[in-house]
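Please read this briefing with the sequence and the 3D view open. It goes through the structure topic by topic.

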Amino acid sequence: MKEFEDLLKDLKLSLETKELPTSEGGREYGVIEAVADGVVSITGLSGAGFGQVLDFDGISKGLVLSLKADYIEAVILRKNDLVARGTKVFLSEKELAFGVSANLAGRVISPLGEDLDGLGPIVPDQFYPLENKAPGIIDRQPVFQPLPTGILSVDSLTPVGLGQRELIIGDRATGKTTLALTAILNQKNQTEKVHCIYVTVSQKQSKVAQLVEKLRESGAMEYTTVIAAFPSDGPALSYLAPFAGCALGEYFRDKGTHALVVYDDLSKHAVAYRELSLLLKRPSGREAYPGDVFYLHSRLLERAAKLSEKNGGGSLTALPIVETQEGDVSAYVPTNVISITDGQIYLEADLFNAGVKPAINVGLSVSRVGGAAQGKLLKKVSGTLRLDLSQYRELAAFAQFGSDLDEKTKKSLRRGEIITKLLTQEEYKTYTTGEEVVTLLLIDLGFFDELTDEKIVNDHRRFLDLLEQEKSFRNLLETATELEAIKDELRTLWQNFIN
């Protein structure tokens, strides 16, 4: 009992002598005790919470990422040499949020909402929190509306739907950015209007400038916002950039419209978070990444959803990009993101170098939404495409060891060659859904079987141009639900074309 009384006495004495928080103008403030590599240690802010925004005496902003017994640690969001030991730090009443507006189309901005294009300051309609809770199951509905990418091999083999999360993965320089950019360009003439957000994480300014210029040339910046974090900005902005893009996408989703956000790329995002974690002296795990790097990406990607009609029916579609090293999809970050998403488009370096573009590996690419994200005609005509391509790849490898092949094998090889030739698209060229259906039907009906490779490409291009003038056939493509009605008309048009 005496021990308890002594303990209580010591506790009262401690509370009586404890130094109260320092305040200025009624606002509690702390003082920076140390600054190192963009991370500051602050004493005196007993009321600070994790993820809270700090004001460095009007000089810069910070974000609390670590709470210790006697001090807190925060990262500087915008580098400033004036942030030094002794600087006063105030708690900001605002949460970490991103200013959103429908007028952000055509703009290039930072993750903090600052303009990077010289077109004037950003005036947001409201603020969306960067860290937001993902919609629950009751608030969602299944993915059933297609998001046409204009890329034949994607729309037929690994279709993407509104509200889906489809990973684009592959080695460096295999066409990942080109594929994502083409998907954005294809939204220009779609009936379902989709606002696109392109997030660049630690990408060079020259590369971002080229990307923006391509979007402007194609008229896609009219419905696209680019959120850019450069290597010179430090790891804090690279860490926040995907969350800023997601917040903007949620703004359009919650309005009952559709948004597509591309994260380019989450490998660099994980590296930025690892850098921050190591600066905060957190223990590292597999491949030196912090233990919560899975949670980092899951809480980001889970926010992509197709909302129920009760909640407006809007959607947020995510196309995260992950870079592999020497095709190693079993590395830590790739396996994490693969398990979070609804499928992946794997781009293979060997195929890319062989001239197959997009270099999609049929065996490792999958869409778990599948035919639900395809139109009826495209779903029917692409039914055996994956099997045909897989058989072709196996037979082609086998055929290298011998020249004596039976007619059935030769026919399968030729069919695979034709499919590969027609699935290869020029950079940034897109097809309408009708053109994709026609292309696959031409293959299925065997119209290319006797043609040389060069004639296949030329005749295919010329025939699609011809169909542009065939208004009745284009109307048939839009209204038909069965392939037979289209096949008969297509045979007639093809015969007239070759004659």
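The model is predicted. Its largest pocket holds about 1000 Å³ of space, its largest nonpolar core has 56 residues, and the salt bridges number 24.

**Largest pocket**

- The lining of the largest pocket is made up of 39 residues.
- Nearest the centre of this pocket lie Thr432, Thr433, Gly434, Leu477 and Glu478.
- Helices α10 (376–381), α13 (433–444), α14 (453–467) and α15 (471–479) each give at least two residues to the lining.
- The largest share, 6 residues, is from α13.
- Sorted by class, the lining has 19 nonpolar, 12 polar and 8 charged residues.

**Nonpolar cores**

- In the largest nonpolar core, Phe98, Leu248 and Tyr263 have the most contacts inside the core.
- Helix α5 (residues 235–254) supplies the largest share of this core, 12 residues.
- Another core, of 35 residues, lies apart from the largest one, and its members include Val362, Leu377, Phe447 and Phe473.

**A covered helix**

- Helix α3 (residues 176–185) has 9 of its 10 residues buried.
- Among the buried residues of α3 are Lys176, Thr177, Leu179 and Ile184.

**Cysteines**

- The whole structure has 0 disulfides.
- Cys196 and Cys246 are both buried, each with a relative accessible area of 0%.
- The closest cysteine sulfur to that of Cys196 is in Cys246, 15 Å away, so the two are too far apart for a bond; a disulfide needs sulfur atoms within 2.5 Å.

**Salt bridges**

- Side chains of opposite charge can pair when their charged atoms come close.
- Arg78 and Asp233 form a salt bridge, with their closest N and O atoms 3.3 Å apart.
- Arg78 is in the loop between β6 (72–76) and β7 (88–91), and Asp233 is in the loop between β13 (224–229) and α5, so this pair ties together parts 155 residues apart in sequence.
- Arg78 is partly exposed at 28% relative accessibility, whereas Asp233 is buried at 16%.
- Asp265 and Lys268 form a salt bridge at 3.6 Å, N to O; Asp265 is buried at 3%, and Lys268 is partly exposed at 26%.
- Lys455 and Asp459 form a salt bridge with their closest N and O atoms 3.4 Å apart.
- Both Lys455 and Asp459 are in helix α14, 4 residues apart, or about one turn of the helix.
- An α-helix has 3.6 residues a turn, so residues three or four places apart point the same way.
- Lys455 is partly exposed at 40% relative accessibility, while Asp459 is buried at 3%.
- A network of salt bridges links Asp388, Arg415, Asp444, Glu484 and Lys487.

Technical notes:
Residues numbered from 1 in each chain as written. Predicted model: local features only at pLDDT ≥ 70, side-chain atom pairs only at ≥ 80, totals over all residues. Heavy atoms only, no water. 1 Å grid on protein atoms, 1.4 Å probe; cavity = no way out; pocket = protein on both sides within 12 Å on 5 of 7 lines; lining within 4 Å. Points joined across faces, edges and corners; volume = space filled by probe spheres on them. Nonpolar A, V, L, I, M, F, W, Y, C, P; charged D, E, K, R; others polar. Buried < 20%, exposed > 50% of the residue type's maximum accessible area, 1.4 Å probe, protein only. Core = buried A, V, L, I, M, F, W, Y, C linked by side-chain atoms within 4.5 Å. Salt bridge = Lys/Arg side-chain N within 4 Å of Asp/Glu carboxyl O.
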